[in-house]
Amino acid sequence: MDTRPPPAFPTLKEAAPVWWRIGLLSFGGPAAQIALMHREVVEQRHWISDARFLHALNFCMLLPGPEAQQLATYLGWLMHGVKGGLLAGIAFILPGVAVMMALTILYATLGDVPLVGALFFGLKCAVLVLVVEALVRVARRALKGGIAWGMALAAFVALFAFDVPFPVVVLVAGLVGYALPHAFAGGGHGAAKAGPPALLDALIAADPGRIPAMTAAARRAGLVAVALWFWPVAMLMGAGTFGDIAWFFSKMAVVTFGGAYAVLAYVAQEAVEFYGWLSAADMLAGLGLAETTPGPLILVLQFVGFLAAFRDGGILGGMAGAMLTVWVTFTPCFAFIFLGAPFVETLHANPRLKGALAGVTAAVVGVIANLALWFALRVIFTRVEKLAIGPMVLDVPDPLSMVPDAAALSALAAVCLFVLKLGVVRTLAVTAAAGFAARTLLG
């Protein structure tokens, strides 16, 4: 019989290293990042219950912006209030911001990144497999019943074959879930698994006034975040490139439903053709760098902001442009969470809200599948063409453009992750080393 006392609820200081660990290891896009977060705070430490984690995730899926970063902020707030939300949200993005800044400076000053490309080539192939593995995890939790599976499939087909805007997919899925909440019972990102009681749930049960007591502070913090978001936009309006950066990326902050890929085409078109900040080749290079750094893929906007200001302001100007982009991209995320999370917590047991969120989450499985396929086609093939079949337009790879070492490294990553069970960190290390050898020593 285990006579040990139950673990104490962690202090903010004790939780900090875990949030930094998540930020440092958050490769692979939102699916892999959410799976990593779930392992750290639900499965391994039992800080958050499965049900509360999934409830928070479903809400974050409804918001514009990077859902994984917003989920970290939400969970940090649940555990330790505004300070916890700020710590978790900042720790999630800061490592990626630092790495992206270094790589962007290298790209802007040298004009080429062959060594960086060699170092990260294998990592990109491993990330592809991590996304697939995380997609399987999320699907197992989210898709309960035939209607949920049908929703996910419909979302995938709508995006992949018909290019339906992501907000339309979200709206329809939410309305279906709201109208048919029982069809998504146990849905969302899955039904809660049985297991040891979560420390936070035990704390809330012992102190039912805990969440209401944190609400006022959260709302004040949310209003401050809104003011901090609009302040540089108002101050820089009409101030040349920096004014354009503040205004343009503030608009992006409220339309980035579905992650970076959902708005990538619009960003590329505006930044390349309208503003002339960078070339199409530069945009693709920035996306490649963002795909292989920790943190949300939306950090590609930091790359764009740097090059926008670099042309006239040099490295210091570029760094200022990048940080301005980061500020107006992520400050709204804190505002959305601090203003919305307290309200969502009061509706934790509302069946129709849970149905709407579960419907959205089922659709987002289809979205993640679409993004995983988009990514796979462009990692393993160098040429992907559009094929029109009636009203459908499909991405079809040219078989002759397959990159053999990319396919081999993706297979290696799959073996490491699914067969050898090496885990995320060792899989990334093995595949990155193999990629470096393939592109330098052997190539």
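## Aromatic pairs

The structure holds 14 aromatic pairs, where rings of Phe, Tyr and Trp (its six-membered ring) pair if their centres lie within 6.5 Å, with planes under 30 degrees apart counted as stacked, over 60 as edge-to-face and the rest as tilted. The rings of Trp229 and Phe336 are edge-to-face, because their planes stand at 85 degrees, with the centres 6.3 Å apart. This pair links distant parts of the chain, with Trp229 in helix α9 (residues 210–236) and Phe336 in helix α13, 107 residues apart; helices are DSSP runs of H or I, at least four residues, numbered from the N terminus.

The rings of Phe306 and Phe310 have planes at 20 degrees and centres 5.7 Å apart, so this pair is stacked. Both residues lie in helix α13, four residues apart, about one turn of the helix. Phe306 is buried at 1% relative accessibility, whereas Phe310, at 23%, is partly exposed; buried means under 20% relative accessible area, exposed over 50%, and partly exposed in between (1.4 Å probe, protein chains only).

## Basis of the model

This is a predicted model, in which local features need pLDDT of at least 70 and side-chain atom pairs count only at pLDDT 80 or more, while totals for chains, interfaces and linings use all residues. Residues are numbered from 1 along each chain as its sequence is written, and side-chain values use heavy atoms, leaving out hydrogens and water.

## Charges over rings

Arg45 lies over the face of Trp47, at 5.8 Å from the ring centre, and the charged end of Arg352 sits over the ring of Tyr178, 5.4 Å from its centre.

Terms used: Helices (H or I, at least four residues) and strands (E, at least two) are DSSP runs, numbered from the N terminus. A charge sits over a ring if NZ of Lys or CZ of Arg is within 6 Å of the ring centre and within 35 degrees of the ring normal.
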